[in-house]
Amino acid sequence: MTEDVYRRLCETMAKRGGRYPGKDIPEFYAMAKILFTEEEAAVSNAMPRGFNTAGAVAEAMGRAEEEVAPLLEAMADKGLCSAGELEGIRFYGGPPFVPGIFEFQFLRGTSTDRDRKLARLIHDYKKAFDAAEGPPKITFPGERVIPVDRVIKAENAIHTYHQVSSYIEKNEPLAVGTCFCRHQAGLIDESDHCGKPDDVCMQFGAGAQFVIDRGMGRKITKEEALEILKKSEEAGLVHATINRQEIDFLCNCCACHCMILKTALTQPKPGLALNSGFMPVWDTDLCTACEACIDRCPTTAVTMGAQDVPEVNLDRCIGCGACATGCPEEAISLEERPGIPVPPVDQKALKEAIKASRS
Ligand code: SF4
Ligand code: SF4
């Protein structure tokens, strides 16, 4: 059973897709055998698509619900499946490896021997996967940046999906966990830290409830959420999330560790693979050529041009606004960037947009 169940787990993870789907290479199995026991792998393999009750998963396995329900609970605690309740009924979902299982492993920010081992094995799998597959071909962005809205020019139309504060306002509960990308890097090498804040990975609504229930994050008030936002913006972190108007998480990313930004930077034109729909413009009368905007830009999109006036390369600019928030002279603002598609409304619309872009 051992090899067979993990081989089928690899197929399961391949079907679920995501940034790092299952791939039949030794590094996948080395990682999977630490993440999943054989019994947990068998449960994961049997989980039907979408959200299901323990009874439905048990039926798919030909086992009794009383046996499978505690296994699913233990798997949710380990971040191997998601769980939630609707009208008093508990449902479980089988997530892809990324986004999903990988993030759940490090949101708690703990540093046990198992965490360290997993951090290394997951790193090895991603590296081997990238070496075999090369950079992904992004034909329609799966993720997007949310701009720092206070630096958007007043005359621009700002939609609620351009404002992180609108998600903080409308969602309940809210949660924060540890940046899994920076934490994973630190577990592998303690000296590998860029000094950016760690406690900034936010979840909204049902996603927040799941991480609170499983001890992967802590519940926060709206005021705390706004403080985290401010702290992230001051540090020059990029607000990144899935490319939908309905979102349930917000990463605050650095270019040195975070997967969303690092993936975009593998693309020939990162500014088209990941964007907020805005771009910076300079008030040359205010600029003193201090170069802070060049240092702050996470994608090296800004250079000093002729007459000591900064210039932006839109092929690299993701429209985050970090240059503007770091300018001591307030010489930079964001304005709408033509040609960037409006974020799809929901997951179905996002999938359709990605599919259409490939045809
Ligand atoms: S940070 Fe502001 S003042 Fe400094 S170079 Fe950039 S635009 Fe000019
Ligand atoms: S120039 Fe750099 S810092 Fe400014 S919005 Fe573009 S990507 Fe962000």
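This is a predicted model: local features need pLDDT of at least 70, side-chain atom pairs count only at pLDDT 80 or more; totals for chains, interfaces and linings use all residues.
Six strands make up an open sheet with antiparallel pairing, in the order β4-β8-β9-β6-β5-β7. At its edges are β4 (143-146) and β7 (218-220), each of which pairs on one side only. From one strand to the next, the twist averages 30°. Helix α11 (residues 222-234) packs on the sheet and touches β5 (174-177), β6 (201-204), β7 and β9 (249-253). The direction of α11 makes about 40° with that of β5.

## A hairpin

Next, follow the chain through strand β2 (residues 82-86) and strand β3 (residues 89-93). These two run antiparallel, with five bridges joining them, and G84 stands opposite F91 in β3. Together β2 and β3 form a hairpin with two residues between them. In the turn, E87 has a positive phi of about 50°.

## An enclosed helix

Helix α6 (residues 97-106) is largely enclosed by the rest of the structure, because 10 of its 10 residues are buried. Among them are the phenylalanines F97, F102, F104 and F106, and also E103 and Q105. What do the buried residues of α6 pack against? Their partners are α1 (2-16), α2 (26-35), α7 (113-133) and α9 (180-188).

The protein chain is divided into domain 1 (2-133) and domain 2 (143-358). Their C-alpha centres lie 28 Å apart. The contact takes 21 residues from domain 1 and 19 residues from domain 2.

On the side of domain 1 that touches domain 2, α5 (65-77), β2, α6 and α7 each supply at least two residues. The largest share of that side, six residues, comes from α7. By class, this side of domain 1 has eight nonpolar, six polar and seven charged residues.

## Around the ligand

Finally, turn to ligand 1. Which residues come nearest to ligand 1? Of the 13 residues around ligand 1, these are C287, C290, A292, C293 and C327. The residues of the shell around ligand 1 divide into 10 nonpolar, one polar and two charged.

Notes
Residues are numbered from 1 along each chain as its sequence is written. Chains are lettered from A and ligands numbered from 1 in the order in which they are written. A residue is near a molecule or strand if its C-beta atom, placed from the backbone, lies within 6 Å of it. Ala, Val, Leu, Ile, Met, Phe, Trp, Tyr, Cys and Pro count as nonpolar, Asp, Glu, Lys and Arg as charged, and the others, Gly among them, as polar. Two strands pair if DSSP finds at least two bridges between them. Helices (H or I, at least four residues) and strands (E, at least two) are DSSP runs, numbered from the N terminus. Axes are lines fitted to C-alpha atoms, for helices over the stretch in contact, and angles run from 0 to 180 degrees between N-to-C directions. Two residues are in contact if their C-beta atoms, placed from the backbone, lie within 7 Å. A residue is buried if 20 or more other C-beta atoms lie within 10 Å of its own, exposed if 12 or fewer, and partly exposed in between; C-beta atoms are placed from the backbone. Domain bounds come from an automatic or database domain assignment.
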